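Dear colleague,

Please find the structure handed over below. I would be grateful if you could read the notes that follow alongside it.

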Amino acid sequence: ALVKITFQNGSLYERPFYSYVDAQNYCRRNISYSGGKISRVEIIDTVANSVRPVWDASWDAQSNAAGLAPSL
């Protein structure tokens, strides 16, 4: 899996993870979403070849909370 962070200034940061769950945990525990610097966070599942948006600055608070909630 790959975490892709898009910043407000247009720059990108990508960090690979061994598993999708590790990438989810990183998004929940290691990214500061306050301060207005991040515009979007996505997890790219390299096994299933899919992209899951986790957080977006344009979403309402409930949508962002749902994106960061642990999956069951």
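Predicted model: local features only at pLDDT ≥ 70, side-chain atom pairs only at ≥ 80, totals over all residues.

Residues are numbered from 1 along each chain as its sequence is written, and side-chain values use heavy atoms, with hydrogens and water left out.

The largest nonpolar core has 15 residues; such a core is a set of buried Ala, Val, Leu, Ile, Met, Phe, Trp, Tyr and Cys residues joined through side-chain atoms within 4.5 Å. The members touching the most others are Val3, Cys27, Ile31, Tyr33, Val41 and Ile43. At least two core residues come from each of S1 (2–7), H1 (20–29), S3 (38–45) and S4 (50–56); helices (H or I, at least four residues) and strands (E, at least two) are DSSP runs, numbered from the N terminus. Beyond its neighbours within four places in sequence, Ile31 has contacts (heavy atoms within 4.5 Å) with Val3, Ile5, Tyr26, Ile38 and Val41.

Gly35 sits in the loop between H1 and S3. Gly35 counts as exposed because its relative accessibility is 69%; exposed means over 50% relative accessible area, buried under 20%, and partly exposed in between (1.4 Å probe, protein chains only).

Asn64, in helix H2 (residues 61–68), counts as buried because its relative accessibility is 10%. Leaving aside neighbours within four places in sequence, Asn64 contacts Val54, Trp55, Asp56 and Trp59.

Yours sincerely
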